[in-house]
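Here is a short briefing for a first look. Keep the sequence and the 3D view side by side.

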Amino acid sequence: MTNDELLTFKKQLESMKASINADVERTLDTLTSQTGNIPDPNDRASMESDLSFELRIRERERKLSEKIDEALQRISDGSYGICSGCGQDISTQRLEARPVTELCIECKTKQEMREKEQGR
């Protein structure tokens with residue numbers, strides 16, 4: 001992989017991380033600005049449902065943020081774009097589709113098949 005490609009992926013990952021952090025800040029602002037007294041039970045239930053959904057999204061983003069940090073570390077240590085399963089290069093197209101990936105498409109397919117067989 002060329003240095004220009006690595007720099008492009010690094011910028012993309014950093015942009016993803018910044019977007020996640022902005023979403024977290026927006027969620028925190030929303031949580032701290034909401035008043036706690038909503039007398040109508042339907043309105044309160046709707047707000048709680050929305051909050052629950054928002055928190056589930058933030059949890060998924062937290063996990064993605066960890067993967068982004070790991071990918072940035074791989075860029076730093078020179079192992080980005082190398083499959084952790086077989087040691088072969090991960091295709092640029094795969095990295096463009098999923099820049100946090102650690103597995104080439106073949107190894108990912110095998111992993112998914114094993115998980116399916118194990119009933120996960």
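Predicted model: local features only at pLDDT ≥ 70, side-chain atom pairs only at ≥ 80, totals over all residues.

Residues are numbered from 1 along each chain as its sequence is written, and side-chain values use heavy atoms, without hydrogens and water.

**Aromatic pair**
- Rings of Phe, Tyr and Trp (its six-membered ring) pair if their centres lie within 6.5 Å; planes under 30 degrees apart are stacked, over 60 edge-to-face, the rest tilted.
- The count by this rule is one aromatic pair.
- F9 and Y80 form this tilted pair, at 5.6 Å centre to centre and 50° between the planes.
- F9 lies in helix α1 (residues 3-33) and Y80 in the loop between α2 and α3 (92-97), so the pair ties together parts 71 residues apart in sequence.
- F9 is buried at 4% relative accessibility, and Y80 is buried at 5%.
- Buried means under 20% relative accessible area, exposed over 50%, and partly exposed in between (1.4 Å probe, protein chains only).

**Surface patches**
- Patch residues have over 30% relative accessible area and no salt bridge; like charges are joined within 9 Å, nonpolar side chains (Val, Leu, Ile, Met, Phe, Trp, Tyr) within 5 Å.
- A salt bridge is a side-chain nitrogen of Lys or Arg within 4 Å of a carboxyl oxygen of Asp or Glu.
- R60, K63, K67 and R98 gather in a patch of positive charge.
- R60 lies in helix α2 (residues 41-77) and is exposed, at 68%.
- V24, L28, L31 and L55 form a nonpolar patch, with about 290 Å² of accessible area together.
- Helix α1 gives the most to the nonpolar patch, with three residues.
- L28 lies in α1 and is partly exposed, at 42%.

How values were computed
Areas by Shrake-Rupley, 256 points an atom, 1.4 Å probe, with all protein chains shown as cover. Lys, Arg positive; Asp, Glu negative; His and termini not counted. Charge placed at Lys NZ, Arg CZ, Asp CG, Glu CD. Helix = DSSP H or I, 4+ residues; strand = E, 2+ residues; numbered from the N terminus.
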